[in-house]
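Keep the viewer open as you read.

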Amino acid sequence: ETTRRIFQDLGDPQTLNAAADAAWKPKLWQALEESGLTLAWVPESAGGTGAATIDAFDIARISGQYAAPVALAETLLAGWTLAQAGQTCASGPMTIAPMRDSAPIQADSNGRLNGRAKYVAFAREATQIVVVAERDGTCVIAGVSPDDCQLADRPTDMGGERSDLSFADAPTRFLIEAPAGFDIDGVRQRGAALRAAQMTGALESMLDISTRYASERVAFGRTISKFQAVQHNLAILGTEVAAALTASGSAADTLESSADDAEAVFLEIAAAKIRVGEAIDKGAAIAHQVHGAIGFTAEHVLQRYSRRAWGWRDDFGSESVWAKDLG
């Protein structure tokens, strides 16, 4: 309820879509940070709020319902990663790299990084980029300033602010060996579960926007919600939302209750990332079909959801990658 109230007051997608600049962003972030939502997975002793695992997934899902215009999920994951390493979290938005499958980023004996990470969300506005890298075959966790790596901004056609990162002998604020049992796969799994939760929230909003529009749009003397073909499509969209809620919720519940069962965690997260991705594929198409061409225009709020959701599909492993791993 706290997350929802803050986004309603300071992050309404329609208001932000019509905003002339990003003056709204600091106020929204400050409210989220002051409420302890950004570091929900970080223990109180390390500067966080120490919330339950499943609580952060609820936060992510609600952020998805508002098209997540700030680095909330990214900071949640970066904070969790730092907590595993015993690092205290500073204030401000963070992000994490890598987000897409790529060659491992390498750390040398001098604590400098080399490698690339593509499509990293909110890298330019982050106060710190948490990098999961390798050094002599061992997993390490590093903190990097955006100023110390090369950023090439990506077009926003897939939603959100994204950049390609290049590390060329990049200095680090800290670089420590990851604790036993921690590796890039663990970050990838939790990141995939977070994206599944966000996509589910976005899909919920797409359903709500589409049903409201269908009940208002008049064609041939009646609202289009009276046409059987539209009703049928909206029913399919509703079943995709239900499937996404079930899959992403099950993954979050398993991480909460059975985190030590590696096989169960992998199965649930793989199933969630695959099934929610498929739901976005079908659901976003139906939502745009209901709206017609208007849904693709920059002035309409629907595109904020669909573009972000399409971008989230490929973060921390696409459906095809997870399907292959599951097989």
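Start with helix α8 (residues 262–291) and helix α9 (residues 302–313): their axes come within 10 Å and cross at roughly 155 degrees. The model is a predicted one. Angles over 145 degrees count as roughly antiparallel, and α8 and α9 are therefore roughly antiparallel to each other. The crossing of α8 past α9 is left-handed. On the α8 side, the contact is made by Lys273, Gly277, Ile280, Asp281, Ala284, Ala287, His288 and His291. From α9 come Leu302, Gln303, Ser306, Ala309, Trp310, Trp312 and Arg313. Sorted by class, this contact of α8 with α9 has 7 nonpolar, 5 polar and 3 charged residues.

Now turn to the cores. The largest nonpolar core has 88 residues. Those with the most contacts inside it are Leu32, Phe57, Ile96, Phe182, Leu203, Met206 and Ile269. Helix α6 (residues 184–216) gives the most to this core, with 14 residues. Take Phe57 and leave aside its neighbours within four places in sequence: Phe57 is in contact with Trp41, Arg190, Ala193, Leu194, Ala197, Ala252 and Leu255. Another core, of 19 residues, lies apart from the largest one. Ile105, Ala117, Phe167 and Leu175 are among its members.

Finish at Val321, in helix α10 (residues 319–326). Is Val321 buried, partly exposed or exposed? Its relative accessibility is 26%, so Val321 counts as partly exposed. Beyond its neighbours within four places in sequence, Val321 is in contact with Asp101 and Arg188. Val321 and Asp101 are 220 residues apart along the chain, yet 9.1 Å separates their C-alpha atoms.

Key:
Residues numbered from 1 in each chain as written. Predicted model: local features only at pLDDT ≥ 70, side-chain atom pairs only at ≥ 80, totals over all residues. Heavy atoms only, no water. Axes fitted to C-alpha atoms, helices over the stretch in contact; angles between N-to-C directions. Helix = DSSP H or I, 4+ residues; strand = E, 2+ residues; numbered from the N terminus. Parallel < 35°, antiparallel > 145°, perpendicular 65-115°, else oblique. Left-handed = near helix turned anticlockwise from the far one by under 90°. Contact = heavy atoms within 4.5 Å. Nonpolar A, V, L, I, M, F, W, Y, C, P; charged D, E, K, R; others polar. Core = buried A, V, L, I, M, F, W, Y, C linked by side-chain atoms within 4.5 Å. Buried < 20%, exposed > 50% of the residue type's maximum accessible area, 1.4 Å probe, protein only.
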